[in-house]
Amino acid sequence: MANKSSSRFQANLSYTDAVASLTDGSLLSVISLGCVMAFATFGNILVLLAVYRTKRLRTTAAILVVNLAIVDLSITITVVPFVMATAVTQQWILPWAICKLTGFINAFLTAGQIMALVHFSINRYIAVALPHSYETKCTKQATIFSVVLSWLYSLIWTLMPFFGWGKLGFIHGTLFCNILWSEEIAYAITVQVMCYFLPCIMGGILYLNVYRLVRSQGKKVFETATSIELTENGSGKESTESNLSTVTASPSGAISFHNLAVSRDDITESGFTDDNRNAQVAQTCAAALRRARRRKAMEARVTRTLLAVVMAFVFCWIPRGIANVWAIFASREDVPRALEYISTVFVFLNGAVNPVLYAALHQDFKHAFIRILWCHKPKTKSNRNGAFTNASVS
């Protein structure tokens with residue numbers, strides 16, 4: 001009993017001494033992490049409430065948004081407080097059992113976060129490259145099953161240290177507990193490859209293909225719209241008929257104007273004569289142009305949101321990558337303290353960025369956030385701005 005009281009007293013004393021000798025860098029990191037924790041908690045709870053309260057947000061893609069929000073919220077609540085405490089004391093003063101537990105949670109949720117982003121890339125690739133198969137391949141049941149499967153995948157790999165393969169502990173020179181990468185090199189390399197490197201490579205390849213497809217399809221739509229507009233402005237009825245007839249369905253089905261193709265027989269069978277044929281063709285051209293413009297605007301929104309999410313993740317993790325590379329070629333203790341603080345803050349800042357991107361780049365989320373913040377009741381009228389479907393990206 002006396003030993004427990006003595007150890008508790010020494011811990012309190014060391015914590016008091018650490019607070020008294022708190023440096024400017026430590027104080028700034030604690031304040032920054034506190035702000036990140038507040039904004040990330042508020043923002044991700046807001047995302048969950050928006051999906052819960054807004055019926056048109058409860059789609060397949062929104063399941064992935066909710067999954068990522070839960071990951072970010074969990075990291076913020078379970079890991080950041082201990083990081084803030086370590087930033088004050090400059091060492092781990094809590095029981096080592098808590099260090100191992102938080103190290104496991106940190107590794108598990110980080111792997112889950114990367115897998116959540118991979119789910120986004122797969123969902124977006126199917127939506128853009130195989131739009132006709134999207135409704136059958138990306139059902140809600142299939143999406144939930146794949147999300148649960150990815151969680152189990154991350155859990156299996158990060159549980160290994162509790163069964164004797166790999167070690168968890170406090171990494172000296174950092175502000176948190178994690179897998180001890182310098183111990184059990186075989187396990188460290190395996191986990192890095194299976195949970196981090198391969199998912200990142202897979203997601204990156206899919207994202208690049210999505211971006212390439214969206215750009216190429218957007219270019220085709222622009223060229224088609226321009227051709228129709230020039231025809232409508234007086235290129236003659238023969239060129240009008242030729243241009244409209246050559247606009248066929250895309251092999252991928254992503255962009256289709258097949259229903260706009262007009263022939264002389266179609267117009268005659270529908271009861272039109274040569275006198276009013278030009279008027280009908282002009283109306284079809286105008287409708288095609290409007291559709292092309294809407295499609296182009298939608299694809300621009302998809303590309304913008306997709307790039308924003310990817311670049312936000314990359315930007316927030318670049319400082320951490322620099323610190324890790326520095327530690328490989330030198331040692332963890334040789335990494336500048338300022339770089340360690342900044343990289344840690346940026347890693348957790350990623351959890352606060354996504355809600356801001358949703359509000360800035362997606363009208364449905366923006367309106368849902370406004371209704372929640374201003375305590376408005378959910379509206380049931382039809383959606384004019386487009387629901388959160390395979391045409392929208394979170």
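**Buried residues, links and helices in a predicted chain**

Trainee: What share of the chain's residues count as buried?
Mentor: Of the chain's 394 residues, 44% count as buried, where buried means under 20% relative accessible area, exposed means over 50%, and partly exposed lies in between, using a 1.4 Å probe and protein chains only. This is a predicted model, in which local features need pLDDT of at least 70 and side-chain atom pairs count only at pLDDT 80 or more, while totals for chains, interfaces and linings use all residues. Residues are numbered from 1 along each chain as its sequence is written, and side-chain values use heavy atoms, with hydrogens and water left out.

Trainee: How many disulfides does a search of the whole structure find?
Mentor: The search finds one, a disulfide being a pair of cysteine sulfur atoms within 2.5 Å. The partners are Cys99 and Cys177, with their sulfur atoms 2.0 Å apart.

Trainee: Is Cys99 buried or exposed?
Mentor: Cys99 is buried, because its relative accessibility is 0%, and Cys177 counts as buried too, at 2%. Cys35, by contrast, is partly exposed with a relative accessible area of 40%, and Cys200 is likewise partly exposed at 37%.

Trainee: Switching to charges, how many salt bridges does the count come to?
Mentor: The count comes to three, under the rule that a side-chain nitrogen of Lys or Arg lies within 4 Å of a carboxyl oxygen of Asp or Glu. One of them joins Arg56 and Asp364, whose closest N and O atoms are 3.1 Å apart. Arg56 lies in the loop between helix H2 (24-53) and helix H3 (60-78) and Asp364 in helix H13 (residues 363-373), so this pair ties together parts that are 308 residues apart in sequence. Asp364 counts as buried, at 1% relative accessibility.

Trainee: What does Glu183 meet in a salt bridge?
Mentor: Glu183 meets Lys167, at 3.9 Å from N to O. Glu183 is in the loop between S2 and helix H8 (185-232) and Lys167 in the loop between helix H7 (140-159) and strand S1 (168-170), so that pair ties together parts 16 residues apart in sequence. Both ends are partly exposed, Glu183 with a relative accessible area of 33% and Lys167 at 41%.

Trainee: And where do Arg320 and Glu340 lie?
Mentor: The side chains of Arg320 and Glu340 meet in a salt bridge at 2.9 Å, N to O. This pair links distant parts of the chain, with Arg320 in helix H11 (residues 274-329) and Glu340 in helix H12 (residues 337-361), 20 residues apart. Arg320 and Glu340 are both buried.

Trainee: Which residues make the nonpolar surface patch?
Mentor: Ile144, Phe145, Val148, Leu149 and Leu152 make a nonpolar patch of about 490 Å², the area coming from the Shrake-Rupley method with a 1.4 Å probe, where for residues only the protein chains shown count as cover. Patches take residues with over 30% relative accessible area and no salt bridge, joining like charges within 9 Å and nonpolar side chains (Val, Leu, Ile, Met, Phe, Trp, Tyr) within 5 Å. Ile144 lies in helix H7 and counts as partly exposed at 46% relative accessibility.

Trainee: Last one, which residues does the UniProt annotation "transmembrane region" cover?
Mentor: According to the unreviewed UniProt entry, the annotation covers residues 27-52, 64-84, 104-122, 143-165, 185-210, 305-329 and 341-361; positions are in the numbering used here, feature names are shortened, and annotations may be inferred rather than shown by experiment. In the model, residues 104-122 are 100% helix and 0% strand, with end C-alpha atoms 27 Å apart, and residues 341-361 are 100% helix and 0% strand, with end C-alpha atoms 30 Å apart.

Notes
Helices (H or I, at least four residues) and strands (E, at least two) are DSSP runs, numbered from the N terminus.
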